[in-house]
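Have the model open as you read.

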Amino acid sequence: MIEEMDLSVLVTPTLQWYDQHKRQLPWRKDKNPYHIWVSEIMLQQTRVEAVIPYYERFMQALPTIEALAECEEDPLLKLWEGLGYYNRARNLQKAARKIMEEYDGVFPGDYETIRSLPGIGEYTAGAVASIAFGQAVPAVDGNVLRVLSRVLESHEDILKQSVKKHFEELLRETMPKERTSAFTQGMIEIGAIVCVPNGKPKCEECPLESLCLAERHGLLDSIPYKAPKKPRKIEEKTVLLICSSKKAAIRKRPDQGLLASLYEFPNTDHYLTADEVREYLEKEQGVTVESVEPLGNAKHIFSHVEWHMNGYLVQTDQIPGQYLAVERQELQNRYAIPNAFQAYYQKLMEVLA
């Protein structure tokens, strides 16, 4: 890894740029650690623009750590619906309960204690400690990895934990004692809106352009480097929107595994034809099928698996007894349906209207 550069040269241009160009975001209105913590968890693998309405809805419903700690699981997961990775919401609540029990409801102010809370890794702990409490600790996410890789002309694989650790150590030596919060956010912000994750970097707008070795040597297309990922496993499913008298069938997923404890539409682990759907419901579920309408195909990508789905809208004389029979309003306000079923969810909302 190339390290000739003294990274302290990044501090002044980053701070000056951040003061002039930072986005006005709801969690930047104050340095409330609860606000910063929740926003950082939501922002993992989700764009800022998409997070804002979720964040505002969440804070309106759960404005304090105490409110989060006391929330029932189904309403909590409903607030999280659409963000994915629902264990993050569960871990938020576990951490909130620990804060209530062990720290009298006051968010702890040092990095090591923050890091010990459920669901908080090194990046999130660093972000909260530096942004909310001004501690000189680094917060290295994908944005910062990209910026540093290019500035240093590093060809190391940024997906390796050892590489991330190394960048953290370099930044730790660089963090300014004053304005730590602004420097942390400035580095992240440069990666988010200038040295962008997808597409051509906006080098002419970058405060670090004159320092960037990858830009100087024409290596922006090859840096940062990521080793190719293994192919995802393909799983084929048939999704059934079973409707009767303005109600639809849903069921709760197992407590462990993918999308644990969330609600889903009935589905099978293989493709079914319309005739097979009718036979399955009449012979195995004991209901009378009035119609079966194909809904087409959909795909959802998880980190290690892809669901390839076909779907059917099925009108029956009753909802099979093994499922919950829910109305449109309940789907909207109570039960969290994962994004994996979003294509079919929208169709069901139309049918139940």
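## A buried arginine

Arg88 is buried yet has no salt bridge, and Glu40, the nearest side chain of opposite charge, is 11 Å away. Buried here means under 20% relative accessible area, with exposed over 50% and partly exposed in between (1.4 Å probe, protein chains only). A salt bridge needs a side-chain nitrogen of Lys or Arg within 4 Å of a carboxyl oxygen of Asp or Glu. For charge, Lys and Arg count as positive and Asp and Glu as negative, while His and the chain ends are not counted.

Keep in mind that this is a predicted model: local features need pLDDT of at least 70, side-chain atom pairs count only at pLDDT 80 or more, and totals for chains, interfaces and linings use all residues. Residues are numbered from 1 along each chain as its sequence is written, and side-chain values use heavy atoms, leaving out hydrogens and water.

So what does Arg88 touch? Leaving aside residues up to four places away in sequence, Arg88 touches Ile41, Gln44, Gln45 and Trp80 (contact means heavy atoms within 4.5 Å). A polar atom of the Arg88 side chain lies 3.0 Å from the backbone oxygen of Gln44. Arg88 itself sits in helix α6, residues 87-102; helices (H or I, at least four residues) and strands (E, at least two) are DSSP runs, numbered from the N terminus.

## Around strand β1

Strand β1 covers residues 233-244. Its pairings are below; two strands pair if DSSP finds at least two bridges between them.

| Partner of β1 | Sense | Bridges |
|---|---|---|
| β6 (residues 305-316) | parallel | 11 bridges |
| β4 (residues 267-268) | antiparallel | two bridges |
| β2 (residues 247-252) | antiparallel | two bridges |

To find your way across, Lys237 stands opposite Met309 in β6, and Thr238 stands opposite Thr268 in β4. On the β2 side, Ser244 stands opposite Lys247. β1 and β2 make a hairpin with two residues between them, and Ser245 in the turn has a positive phi of about 50°.

## Ring pairs

Searching the whole structure turns up nine aromatic pairs. Rings of Phe, Tyr and Trp (its six-membered ring) pair if their centres lie within 6.5 Å; planes under 30 degrees apart count as stacked, over 60 as edge-to-face and the rest as tilted. One of them is the stacked pair of Phe107 and Phe133, 6.5 Å centre to centre with 25° between the planes. This pair links distant parts of the chain, 26 residues apart: Phe107 is in the loop between α6 and α7, and Phe133 is in helix α8. Phe107 is buried, at 7% relative accessible area, whereas Phe133 is partly exposed at 32%.

Conventions
A polar contact is a pair of N or O atoms within 3.5 Å; within protein, one must be able to donate a hydrogen and the other to accept it, and residues adjacent in sequence count only if both atoms are side-chain atoms.
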